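Let's take a walk through a protein together.

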Amino acid sequence: MISIAIMGHGVVGSGVAQVLLQNAAAISHKAGDDIRVKRILDLREFPDSPLADCFTKCFEDIEEDDEIRIVVETMGGLNPAYDFVKRCLQSGKSVVTSNKELVAAKGDELLALARSRNLNFLFEASVGGGIPILRPLDQCLAANEVTEVAGILNGTTNFMLTKMIGEGLSYDDALALAQANGYAERDPSADVDGADACRKICILASLAFGKHVLPEQVQTEGIRNITADDVACAAACGGAVKLIGRSRKLSDGRLHVMVAPMVVEKNNLLSDVNDVFNAIMVRGNAIGDVVFYGRGAGKLPTASAVVADVIDEVKHLAARKYLFWESGYPTYVAAADDEAYRFMVRLDAMDLAAAKAALPDAAQLVAAGVPKGQAVLRTAFMTVTDLKNRLAAVGVEPLSCLRIFTLSQD
């Protein structure tokens, strides 16, 4: 029998306990051993829990218990999660976490510590909730040289944009609806400002390309400034506005990594990913494009991914799984604004002639859904700096400029 501990009994932690209890027989069969929850760390009382006798408020009860071989961390945030996880690894315990903030900030350090102790540090649930992505990326696609990872990584913003597109809601109304449905927190900043998607693309980029990408290296733009006119123009012109996290390997070995709202055209599978669903596209030089799709969050889907990692660690107690990336360096991520994109430029119709003169390669997109008094241009590939400089030179201040997401510049 393998004894484990769970740190945190919130939504995900309680889901992990629930899955371990209700699927105990199947989990034991797959793991090759019985798994017992010996300790649960939380400051609250849970007298009605079937595991009520396991609760403790003292981390040392887990750290100093040699019977506990695996620790599940579902507390979230960096403090005290980072200190607790590090001490668990130092005390000889493998760790499973769903904590995207922890992995994005400290993944290289914790993976190196686990390797030095012949332990495992796994975090499948940190990116796609219940969507399996890290294990396939690391194992199933191992024969490929991955050139790009991109996708819709945040269900809250995707729900909001779906409502803005389909029902014509304003940003504020879409946010209120997301909060009413339990998809957005009272303080939605991590979602709508792009921090959540940023952490996830950092983890994906680090695993796909082998060096750690820190959140502070990634240019991150959220959806606060997206308007109903933006989504209406994109839809009228055959696209959909989505919050995209993207990581692409450049010819000089550096990465282009960014998070921003982009126009996804209808010929791209990501344009039809709606509501709270996530989708992650991986491009490999042998397999081409592969898409992983599903609900990116939720109590039981996320718990399912956590428990799958627990099973994996039980099966590998005597041998470390090769999941690893090296530390990065300050210039590893190139300046995002140096990467060329096509843009959807929305502007006042009175500025159309001047804008077309400044952007002779741009095509005007004419469609019934474009708001009256406005015009839309689709530019050639160019940098955002070049675009802004050209428009400023003719005295045009666009209403908005959104990148158009394409996987290749052909």
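The chain has 15 helices and 16 strands, where helices (H or I, at least four residues) and strands (E, at least two) are DSSP runs, numbered from the N terminus. Keep in mind that this is a predicted model: local features need pLDDT of at least 70, side-chain atom pairs count only at pLDDT 80 or more, and totals for chains, interfaces and linings use all residues. Residues are numbered from 1 along each chain as its sequence is written, and side-chain values use heavy atoms, with hydrogens and water left out.

How is the chain packed overall?

Now go inside. Of the 410 residues, 53% are buried; buried means under 20% relative accessible area, exposed over 50%, and partly exposed in between (1.4 Å probe, protein chains only). The largest nonpolar core has 82 residues, and Met-7, Phe-121, Phe-123 and Leu-204 have the most contacts inside it. Such a core is a set of buried Ala, Val, Leu, Ile, Met, Phe, Trp, Tyr and Cys residues joined through side-chain atoms within 4.5 Å. Helix α11 (residues 195-209) gives the most to this core, with 10 residues. There's also a second, separate core of 30 residues, including Ala-150 and Met-262.

Next, the aromatic rings. The structure holds seven aromatic pairs. Rings of Phe, Tyr and Trp (its six-membered ring) pair if their centres lie within 6.5 Å; planes under 30 degrees apart count as stacked, over 60 as edge-to-face and the rest as tilted. Take Phe-46 and Phe-55: their ring centres are 5.0 Å apart and their planes are at 25 degrees, so the pair is stacked. Phe-46 is partly exposed, at 22% relative accessible area, whereas Phe-55 is buried, at 16%. Elsewhere, Phe-121, Phe-123 and Trp-325 form one aromatic cluster.

Finally, look for charges over rings, which need NZ of Lys or CZ of Arg within 6 Å of the ring centre and within 35 degrees of the ring normal. Lys-106 lies over the face of Tyr-82, 4.8 Å from the ring centre, and the charged end of Arg-403 sits over the ring of Tyr-341, 5.7 Å from its centre.
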